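Dear colleague,

Please find the structure below, followed by a short account of what was found in it.

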Amino acid sequence: MTSPSSDSGASGTPPTAATAVRIALPGGREVTHRDVAANGARFHVAELGDGPLVLLLHGFPQFWWTWRHQMTALADAGYRAVAMDLRGVGGSDRTPRGYDPANLALDITGVVRSLGEPDAALVGHDLGGYLAWTAAVMRPKLVRRLVVSSMPHPRRWRSAMLSDFGQTRASSHIWGFQRPFVPERQLVADDGALVGELIRDWSGPRLPDEEDVAVYRRAMCIPSTAHCSVEPYRWMMRSMARPDGLQFNRRMKRPVRVPTLHLHGSLDPVMRTRSAAGSGQYVEAPYRWRLFDGLGHFPHEEDPAAFSTELVNWLKDPEPDR
């Protein structure tokens, strides 16, 4: 098993999924890496601990390793922490199509089944949060609890992108993704330098370590990853006026009926607080909003202790309040 500082791709050749994403947790904790089949594709998962399943879903421009701190905290608290690489990212299959949120949500619920569990608590950040909202609506029996960070409900997201100029400006990268070919080239240029810039720019005052940034840069340079990473955002924008997008938006009117914890950084420059707040209107179950002061778009990495404490305490609460 390689370490986070392993120099895959240093010779100029792109790193492979095996060398770039099958890495160890901080502190030398042994994590189990394996592949599972779901929804017609193969997905890489990293697993630690035993107990009720907590499935962790990363956002852009990251992969399963973004949850390294929470995996340890969850395992120590008596949970089976499993972080998956979404379709097209990390060690998972890079399929030519299937990057709409409905299909990506079926990837997630399919992984729950493939892991042999009746249900899971879903924890999603950024795009992973968008898909966690979607899975909770589409397959409510497979979702025990829902935790979303740095992402509003999909209907709230759509409304903000269409009517809030401040949010539109904050999401300029998503508009940039609509160009053909250019975003993919930019993401891998100079060994993924743009990935590092985005992570630093989107973080609050607690900037990430350069070694951590290097891990994400290497993962983005795995062939086809950049293209697959931007495809979900292309669908989200281009489908707004198409029948498939309108149908998805109508489908998401169905309320979330599982206890939901919504976490957000007060300094998030990508997803404004006013855009995320108000998502509780789509939840007909206990809903808790928690704003982390002084944190940006990656609260689970910027202050992992505070984030993990909030997460574990809420999961252990038998009757979470509204």
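Helices (H or I, at least four residues) and strands (E, at least two) are DSSP runs, numbered from the N terminus. On that basis the protein has 14 helices and eight strands. This is a predicted model, in which local features need pLDDT of at least 70 and side-chain atom pairs count only at pLDDT 80 or more, while totals for chains, interfaces and linings use all residues. Residues are numbered from 1 along each chain as its sequence is written, and side-chain values use heavy atoms, with hydrogens and water left out.

Overall form: the C-alpha atoms fill a box of roughly 55 × 45 × 40 Å along the principal axes. Of the 322 residues, 60% are buried (under 20% relative accessible area, with a 1.4 Å probe and protein chains only). Among contacts (heavy atoms within 4.5 Å) between residues at least 6 apart in sequence, 74% join residues at least 24 apart.

One residue was examined individually. Serine 279 lies in the loop between α12 (273-276) and β8 (287-292). Its relative accessible area is 0%, so serine 279 is buried. A polar atom of the serine 279 side chain lies 2.8 Å from the backbone oxygen of alanine 276. Leaving aside residues up to four places away in sequence, serine 279 touches Trp133, Pro152, His153, Arg156, His262 and Tyr287.

Yours sincerely

How values were computed:
Buried means under 20% relative accessible area, exposed over 50%, partly exposed in between (1.4 Å probe, protein chains only). A polar contact is a pair of N or O atoms within 3.5 Å; within protein, one must be able to donate a hydrogen and the other to accept it, and residues adjacent in sequence count only if both atoms are side-chain atoms.
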